[in-house]
Amino acid sequence: KPENFSDQGRAKGASSMKAKAAANMNNRRAVGYATALKAQGLALQAIADRLNAEGYETAKGKQFEAMTVKRLLDKG
């Protein structure tokens, strides 16, 4: 809607998306696993490959990429 294009509307949308991602059980499981893999010294792409191979999906139902893993770890 046009009224959602205000700064306040965009901030509300961004806040809602962050809350949904934080509450997503798949994200919470993935961040724990990704953290453990990072501690083993795996690169971001290797972590993404492992998450994808084991059936993990992003909050939007997509496969992980290196940058997605970085963002997941930064938030976690």
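Q: Does Thr58 count as buried or exposed?

A: The model before us is predicted. A residue counts as buried when its relative accessible area is under 20%. Thr58 has 13% relative accessibility, so it counts as buried.

Q: Where is the place of Thr58, and with which residues is Thr58 in contact, leaving aside its neighbours within four places in sequence?

A: Thr58 belongs to the loop between helix 3 and helix 4. With neighbours within four places in sequence left aside, its contacts are Asn26, Asn27, Gln63, Phe64 and Thr68.

Q: How many helices and strands does the chain have?

A: The chain has 4 helices and 0 strands. Along the sequence this gives the pattern α-α-α-α. Of its 76 residues, 22% count as buried.

Q: Which buried residues does helix 3 have, and where do they lie as seen down its axis?

A: In helix 3 the buried residues are Ile47, Ala48, Leu51 and Asn52. They fall within an arc of 135°, so they line one face of the helix. After helix 3 comes Gly55, with a positive phi near 90°.

Q: Which residues make up the largest nonpolar core?

A: Such a core is a set of buried nonpolar residues joined through side-chain atoms within 4.5 Å. Here the largest one has 12 residues: Ala30, Val31, Ala34, Leu37, Leu42, Ile47, Ala48, Leu51, Tyr56, Phe64, Val69 and Leu72. At least two residues come from each of helix 2, helix 3 and helix 4, and helix 2 gives the most, with 4 residues. Leu51 is one of the core residues; leaving aside neighbours within four places in sequence, Leu51 is in contact with Ala30, Tyr33, Ala34, Tyr56, Phe64 and Val69.

Q: How many aromatic pairs does a search of the whole structure find?

A: Two aromatic rings pair if their centres lie within 6.5 Å, and planes under 30 degrees apart count as stacked. The search finds 1 aromatic pair. Tyr33 and Tyr56 form this pair, which is stacked, at 5.7 Å centre to centre and 20° between the planes.

Q: Which parts does the pair tie together?

A: Tyr33 lies in helix 2 (residues 25–39), while Tyr56 lies in the loop between helix 3 (44–53) and helix 4 (66–75), so the pair ties together parts 23 residues apart in sequence. Tyr56 counts as buried, at 12% relative accessibility.

How values were computed:
Residues are numbered from 1 along each chain as its sequence is written. This is a predicted model: local features need pLDDT of at least 70, side-chain atom pairs count only at pLDDT 80 or more; totals for chains, interfaces and linings use all residues. Side-chain values use heavy atoms; hydrogens and water are left out. Buried means under 20% relative accessible area, exposed over 50%, partly exposed in between (1.4 Å probe, protein chains only). Rings of Phe, Tyr and Trp (its six-membered ring) pair if their centres lie within 6.5 Å; planes under 30 degrees apart count as stacked, over 60 as edge-to-face and the rest as tilted. Contact means heavy atoms within 4.5 Å. The arc is that of the directions from the helix axis to the C-beta atoms.
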